[in-house]
Amino acid sequence: MEKFDILGTLQEAAEDNGFVYLMGDDYHQNYEASEVKYTEGQYVLGADFISSEVYSEYGDLKEINYVGSLRFGRKFDDTNKTHSSLDETHRQKYSRRLLELKQSLSLFLQNFACENRLSITSVVGAHEMNKFDTNIDFVVVQITFNQNTFDI
């Protein structure tokens, strides 16, 4: 992965996996999400990151920490009898979608980190239901990737 290009690299990974990719803060992700013509059951990956650099005592860039959030959802209409509605309970959403989404996101993160020589140094997860104007349920993680620049 090129230095500082976490968002571009995530976009490539999302496209390679057939995911809709949303970038930026909630406002921008909501706008992009509402512009998409979804296919039933299509996965959605949203990303918003900042970077923090670590320099050596001689001014060499040693590492870059990418701190931000990833949200992973799936546009459901009536796929596999898991009809989504605003009237579902949290338990129903969890058993119908959120657990599978968390497991899929975990696998995506492992592959993404491995393929791009990134370390994952922290992850904290949550659920976001009926997010954006599109009412997509997401699992979201606050995550930090570390890139050792001496490997590049």
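Ala, Val, Leu, Ile, Met, Phe, Trp, Tyr, Cys and Pro count here as nonpolar, Asp, Glu, Lys and Arg as charged, and the others, Gly among them, as polar. The model is predicted: local features need pLDDT of at least 70, side-chain atom pairs count only at pLDDT 80 or more, and totals for chains, interfaces and linings use all residues. Residues are numbered from 1 along each chain as its sequence is written, and side-chain values use heavy atoms, without hydrogens and water.

Select helix 1, residues 6-16; helices (H or I, at least four residues) and strands (E, at least two) are DSSP runs, numbered from the N terminus. Ile6, Gly8, Thr9, Leu10, Ala13 and Ala14 of this helix are buried, where buried means under 20% relative accessible area, exposed over 50% and partly exposed in between (1.4 Å probe, protein chains only). Among the elements covering these residues are strand 1 (20-23), helix 3 (90-115) and strand 5 (136-148). Gly18, which follows helix 1, has a positive phi, near 80°.

Next, display residues Ala13, Asn17, Phe108, Asn111 and Glu115: of the 13 residues lining the largest pocket, these are the closest to its centre. Helix 3 supplies the largest share of the lining, six residues. The lining divides into five nonpolar, five polar and three charged residues. A pocket is an open set of points on a 1 Å grid over the protein atoms alone, where a 1.4 Å probe fits, with protein on both sides within 12 Å along at least five of seven lines; lining residues have an atom within 4 Å of a point.

Finally, select Val123 in strand 4 (residues 119-131). Val123 is partly exposed, at 40% relative accessible area. Leaving aside neighbours within four places in sequence, Val123 is in contact (heavy atoms within 4.5 Å) with Val141, Gln142 and Ile143.
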